[in-house]
Amino acid sequence: MNTKTVPFTAEQLENIIAQYPTPFHIYDEEAIKANVRKLIKAFDWAKDFKEYFAVKATPNPYIMKILKAEGVGADCS
C-alpha cells in the first residue's frame, strides 16, 4: 500500500488556512507528476498507449497544464 504524506508542516497548513477561505484544495504537483510517470511507464509495453485525463473529473487549468507537460491528453465531453 502506498504511504500518503503531506508536503507541508502543520505551521504551513495553519498559515494557508488563515490566508484562504475554506473549502479549498491543495494539490501536490510533484506527486501528480510522479504518479503520471508511473502510469505511463506501466504501459510502456503498449507501443500506441496514450493516457487521457477526464477533464470533468478535475476541471482545473493548472492541473491540466501539468498533465499536458507530462504528455497526457484530455478527454472532454
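Student: Is the crossing of H2 and H3 left-handed or right-handed?
Tutor: This is a predicted model, where local features need pLDDT of at least 70, side-chain atom pairs count only at pLDDT 80 or more, and totals for chains, interfaces and linings use all residues. Residues are numbered from 1 along each chain as its sequence is written, and side-chain values use heavy atoms, without hydrogens and water. A near helix turned from the far one by less than a right angle is left-handed if anticlockwise and right-handed if clockwise. H2 passes H3 in a crossing that is right-handed.

Student: At what angle do the axes of H2 and H3 cross?
Tutor: H2 spans residues 29-42 and H3 residues 61-69. Their axes come within 10 Å. The axes cross at roughly 40°.

Student: Which residues in H3 does H2 meet?
Tutor: Contact means heavy atoms within 4.5 Å. From H2 come Glu29, Ile32, Lys33 and Val36. By class, the contact has five nonpolar, no polar and two charged residues. The H3 residues are Ile63, Ile66 and Leu67.

Student: Is the pair of Phe43 and Phe49 stacked or edge-to-face?
Tutor: Rings pair if their centres lie within 6.5 Å; planes under 30 degrees apart are stacked, over 60 edge-to-face, the rest tilted. Here the centres are 4.5 Å apart and the planes at 10°. So the pair of Phe43 and Phe49 is stacked.

Student: Which residues do ring pairs link into a cluster?
Tutor: There are two aromatic pairs. The rings of Phe43 and Trp45 have centres 6.4 Å apart and planes at 35°, so that pair is tilted. The cluster holds Phe43, Trp45 and Phe49.

How values were computed. Axes fitted to C-alpha atoms, helices over the stretch in contact; angles between N-to-C directions. Helix = DSSP H or I, 4+ residues; strand = E, 2+ residues; numbered from the N terminus. Nonpolar A, V, L, I, M, F, W, Y, C, P; charged D, E, K, R; others polar. Phe/Tyr/Trp six-rings, centres within 6.5 Å; stacked < 30°, edge-to-face > 60°.
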